[in-house]
Structure formats: C-alpha cells, structure tokens
Amino acid sequence: RAPIVANGYYSPNYIINGGMDIWQRGTSSTTNAAYNSADRWWVYYNAGTTTFSKETSVVPTGFNSALKMSQATANASMVVYQFVETLNTRPLVGKTVTLSAYVAATAATTFNPEISWSTTVDAASGASWTTLTASGGTWSIPSGSTYARFSATYTIPSGAQTLRVGGVTAVTVGNSVYLAGVQLEEGSAATTFRRNANSIQGELAACQRYYVRLRGSGGTAFTGIPAHGGALSGTTMLGMINVPVTMRVDPTAVEAYALRLVNLQDNVSLAVTDVALSSSWANGYAPYAVFTCSGGGLSANSYYRVGANNNGGSYLGLSAE
C-alpha cells in the first residue's frame, strides 16, 4: 500500500511499478486489451498492430527502463491504465492528488492523462467509470525522443472505491511513445519520483501480489518449478503451487507453458497439456491447481514435481489481478 514508511523509506507513490522495472510476463507483446507488458499495466489499442515492449536505451536520466509503444501498420490510439484497488483508493478520497510521468515520442504527439473512478470495489476494465476533470489538461509531447516530465492535478470524489490511472496517446505508423516514472501522490504538485517500494525486490513483491510467474530453465536436465503434488489417477495430478508472496486475493486464473511432470523415483517425465485452478487456502497462501497430462502414464498416488519441458521459456503463472 502507499504511502509506504518502512526501514526509514517513505514513498508518496500509489502506483506500483511506475518505474517500469518489473516485466514478469515478458518484454515484448502485441496482445490487445490485456496485462501483457510491464507488471500492473493494462494496455489497449484501437487499430493496427501495436507492440508494447521494454525500452532500456531511451529512458529518462536515472531510470532503468520505460514502456515503449510502437505502431507498425496503422495510426492508433493507445490506452495505458493501472487499476488502484480499493484498499489503496480509500485513503485518497476527498483529497487533491497529482499524477505525473515522464513521456517522450519519436514524432510529436499528445498524451492525455486520466484518472477515472468507480463505485465498484476492486473494479477492473469492464466496470463503469467516471473520468475526473484535470488541472493540467493534455500533455504535448515533442518529437526527438527527449523526455519531459508532465503533471496534472485532480480531486478524488467521496464515492470512489477504485481508481483507474493512466492515459491515452496517439501513435502514427513507424513511430513510438515512451512512458516512464509514473507517480500518483497526495498534494497539488509533483515531487521527486520514488518507487512504491524501497528496492527492486520490494517492487517485484508488490507486483507479485497481483501476478506471479514461476519459471523453469531449459536443457535436458530436469529443472523444477515450485509446484508439486500427487497423482489422483493415470491422467490427473492435484498439485500445490508455492507462491513467493501472499497474493491480493485467491488467484482467479492460472496459465502454463511447456511444463512436464516428473516422478523423481523412476524419472518418468510426462508433458502437461492443461492446467486449471482447483481450490486454494484463504488469503492466497498456497493455491492449488489440477494438471492434466496427455496420453496418461501417471501412477496413481505417486508424488510428482513440476518442471521445465526442455524449454527456456517454461512457466507457471497465477493471476489475482
């Protein structure tokens, strides 16, 4: 939660991963209307094919990375949002807040900052939203990929349960817009950017409260992922996934790629073809999932570990977004 006071560190920033440091899902994607880029950021585009990617060269001074939005096939409007859950929205109700960010573009364009609010607890993309009027208006972004820091000021109404924070930008074919250092704080002026947490590891943990991706490495040797369980039948294993943090709520979705189950007693390896949530303990401590293996081959009541299927991109992901 923000503001954070821990070990002498104070952060005014209510935005998690505002520095675009954490990219658990990967560093480049064209998936639309989804969490597909920097952690905690939901993205959308209305035309063509947009690539959302991690930028490490064109960044503001003192930053490690930025969110790059590039358009290859058609001029488009792009939306970048973070949904601030109710737990972190309520402390801002009735207060003046300032949204600030560093923005750059290869060709001159605009970035329209936005804070919207919903009366729904922990609302998401499909909820009903009311957009607030800003003191700060449209941000005019010059060409040349040179960053400028912009800000806008808002007042959060009494009925707000969830905030949607971000903005809309226009990108023409062959050009890019870069976003970094996003900060939402109390007060009528932007202060020096600070991460939500006091370290990169802390920022990762804050992101993992919403989404965790557990990875395995490639090669022919078995490399484990922190998930294991027992076979219920010749085709199904009930497994426990060990998550590194307590998640926001019990996970609502699970995803997997290139996994296998290994019986360490006889070294039998079977590919995982499907994974689904089965049940979980309260507060997201130890989510369970059911893995279905192709072609059978499991030994009922035997113990199995989950590992990489000889693929460096193998992963098991849990979402509580």
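**Close-up 1. E85 pairs up with R209 in a salt bridge, with the closest N and O atoms 2.5 Å apart.** Here a salt bridge means a side-chain nitrogen of Lys or Arg within 4 Å of a carboxyl oxygen of Asp or Glu. The two partners sit 124 residues apart and join distant parts of the chain: E85 is in the loop between β8 (76-84) and α1 (86-89), and R209 is in the loop between α2 (200-208) and β16 (211-215). Helices (H or I, at least four residues) and strands (E, at least two) are DSSP runs, numbered from the N terminus. E85 is buried at 8% relative accessibility, while R209 is partly exposed at 25%; buried is under 20% relative accessible area, exposed over 50%, and partly exposed in between (1.4 Å probe, protein chains only). This is a predicted model, where local features need pLDDT of at least 70 and side-chain atom pairs count only at pLDDT 80 or more, though totals for chains, interfaces and linings use all residues. Residues are numbered from 1 along each chain as its sequence is written, and side-chain values use heavy atoms, leaving out hydrogens and water.

**Close-up 2. R248 meets D122 in a salt bridge, 3.2 Å from N to O.** Again two loops are linked across 126 residues: R248 comes from the one between β18 (236-241) and β19 (253-257), D122 from the one between β10 (109-118) and β11 (130-131). R248 is buried at 18%, and D122 is partly exposed at 32%.

**Close-up 3. E255 and R213 form a salt bridge at 2.9 Å, N to O.** E255 lies in strand β19 and R213 in strand β16, so this pair ties together parts 42 residues apart in sequence.
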